[in-house]
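Here are a few friendly notes to read alongside the structure. Please keep the view open as you go through the points.

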Amino acid sequence: AHSDACVANLQLEKETLLKSIEESSNQQRELNDRLAHFDACVANLESEKESFARSIEELSNQKRELEECLASSDAHLQLEKEKLLKSINQEHELEERLAHSDACVVNLGSERESLLKSIEE
């Protein structure tokens, strides 16, 4: 009878241990699944991070190109402004010379009339 009780206790202990092992295996599988899910999330975040870094680099390159284009446009506008100012100055100079020429023509006309009067007298 004692032997039977020992066998029964050992059998019960064996079943308890088997259940514990099964529960532990289930927990291990659950933890492995959660870890795999976590690893997948980390991989997705790393991929997004790389994509964002590429986008930032592309935007930075576009910004640099636009800044260079703007600088070139500013330089071109400055050159055109200088040309326009030079043309305006030349126009003023020509207007002054024309006014001087007109005055000379008037003076010469007056002198001519004066000379003609002198010749007639």
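1. A word on terms before we start: a residue counts as exposed when its relative accessible area is over 50%, as buried when that area is under 20%, and as partly exposed in between. Please also bear in mind that this is a predicted model.

2. With that in hand, have a look at phenylalanine 38, which sits in helix 1, the stretch covering residues 2-120. Its relative accessibility is 51%, so phenylalanine 38 counts as exposed.

3. Now to the charged side chains, where the count of salt bridges comes to 2. One of them joins glutamate 80 to lysine 83, with 3.8 Å between the closest N and O atoms. The two are 3 residues apart in helix 1, so about one helical turn separates them. Glutamate 80 is partly exposed at a relative accessible area of 36%, and lysine 83 is partly exposed too, at 48%.

4. Another salt bridge pairs arginine 97 with glutamate 93, and here the closest N and O atoms are 3.9 Å apart. Because they lie 4 residues apart in helix 1, arginine 97 and glutamate 93 are also separated by about one helical turn.

5. Is arginine 97 buried or exposed? Arginine 97 counts as exposed, its relative accessibility being 52%.

Notes
Residues are numbered from 1 along each chain as its sequence is written. This is a predicted model: local features need pLDDT of at least 70, side-chain atom pairs count only at pLDDT 80 or more; totals for chains, interfaces and linings use all residues. Side-chain values use heavy atoms; hydrogens and water are left out. Buried means under 20% relative accessible area, exposed over 50%, partly exposed in between (1.4 Å probe, protein chains only). A salt bridge is a side-chain nitrogen of Lys or Arg within 4 Å of a carboxyl oxygen of Asp or Glu.
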